[in-house]
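Open the model in your viewer and follow the stops below. Each one says what to select and what is there.

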Amino acid sequence: MSFKILTLAAVASCSSGPSVDRATIGSLDYSVPSGWNSRDLSTSQRTMVEWTPTDNEDAKESVTVIRTELPAIAKAGAGYVEALLGQAQASLPDGHFSAPAPFTTTHGFRGVRIEGAFVPPGQAQRYHRIHAVVISGSALLHVVYTARVADRESFEIVVDSFSNRGA
Amino acid sequence: MRAIVILTCAVLASVLIRPSTSRSETEAPSAPPDSSAPVDEPISGQAVAPAPGDETGPRDPFTPYDVGGQEAIWPYGDLTANEKAVVDHGRNQAGMDAINNAYGQAAKELAARAKAEAAAAQLGAEGLDTLGVP
């Protein structure tokens, strides 16, 4: 298993922010909403873990974190990633997405995010989707938030929390 | 008996060595055969080559085939009512634009989808449509 939950107990109980757990992917630590469950979906090409809340009957919410080693794309920079991220959303059925927007995380990682909605195959209802790609050295980190009833905070907790391990 | 065996070995050795020595890299390559020289190989019939200017190129696939003389042509007016109905049905192009446009639109959508999936694959995020959908 290439990822590891560092701290299962909530670590933000003494702060003003939401309660979170810490996890690791590659050489980075990141936060997830407290009490969410993880499922390792890694393949030989990428490390992937899906996080879902315990009670997920109505919201159908998930945050998928993916790490792929792609030196050429990472070196090409945020502009290139931005173009690819915008193009990639066209594969989503009945999808309507905003233009991709660059951002920088609290710990200085550059990334691109895009937001919209689509109807997954075999589903009748629209799902909200926020997809962020963060560049970390020679790797790309995807944070893919999917939900029928969106709670933006769950996505923001993850995407803005990446930090080098031990930092 | 021993002399026969030695003689046989000598003959075999000379046969095996001959090709390798004839193709030695130290020797200059032999002159290529003259392709303009007449070939003596017998053929059936008589060889025919078109005279300069008489060559026929590939046929235009959109040109109708020649059906022959006037007597071979069936004028539309000579057809029976049932035959005219078949011809009219074949010549009827009403609605074809809509069908062609639908195929064109489907091809465009397929191309756009392929481009999008290629972009997702470049980012290492294949299967975006099912990713994270509970």
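**Where two helices cross**

Select α2(A) and α3(B): α2(A) passes α3(B) in a left-handed crossing. By class, the contact of these two helices has five nonpolar, two polar and one charged residues. This is a predicted model.

Now look along the axes. Those of α2(A) and α3(B) come within 7 Å and cross at roughly 135°. That angle makes α2(A) oblique to α3(B).

Show the side chains next. From α2(A), pick L84(A), Q87(A) and A88(A). They meet K115(B), A116(B), A119(B), A120(B) and Q122(B) in α3(B).

**Along the helix of chain B**

Select residues 96-122 of chain B. This is helix α3, with 27 residues. From first C-alpha to last, α3(B) reaches 39 Å, close to the 39 Å expected at 1.5 Å a residue.

Which residues of α3(B) are buried? Colour A116(B), A119(B) and A120(B) to see them. What covers these buried residues includes α2 of chain A, residues 78-88.

Step past the helix. α3(B) is followed by G124(B), whose phi is positive, near 75°.

**The whole contact**

Zoom out to both chains. The contact takes 30 residues from chain A and 18 residues from chain B. On the chain A side, β5 (46-52), β6 (62-69), α2, β10 (127-136) and β11 (139-147) each supply at least two residues. The largest share of that side, five residues, comes from α2(A).

Note on methods: Residues are numbered from 1 along each chain as its sequence is written. Chains are lettered from A and ligands numbered from 1 in the order in which they are written. This is a predicted model: local features need pLDDT of at least 70, side-chain atom pairs count only at pLDDT 80 or more; totals for chains, interfaces and linings use all residues. Helices (H or I, at least four residues) and strands (E, at least two) are DSSP runs, numbered from the N terminus. The expected span of a helix is 1.5 Å times one less than its number of residues. A residue is buried if 20 or more other C-beta atoms lie within 10 Å of its own, exposed if 12 or fewer, and partly exposed in between; C-beta atoms are placed from the backbone. Two residues are in contact if their C-beta atoms, placed from the backbone, lie within 7 Å. Axes are lines fitted to C-alpha atoms, for helices over the stretch in contact, and angles run from 0 to 180 degrees between N-to-C directions. Angles under 35 degrees count as roughly parallel, over 145 as roughly antiparallel, 65 to 115 as roughly perpendicular and the rest as oblique. A crossing is left-handed if the near helix is turned anticlockwise from the far one by less than a right angle, and right-handed if clockwise. Ala, Val, Leu, Ile, Met, Phe, Trp, Tyr, Cys and Pro count as nonpolar, Asp, Glu, Lys and Arg as charged, and the others, Gly among them, as polar.
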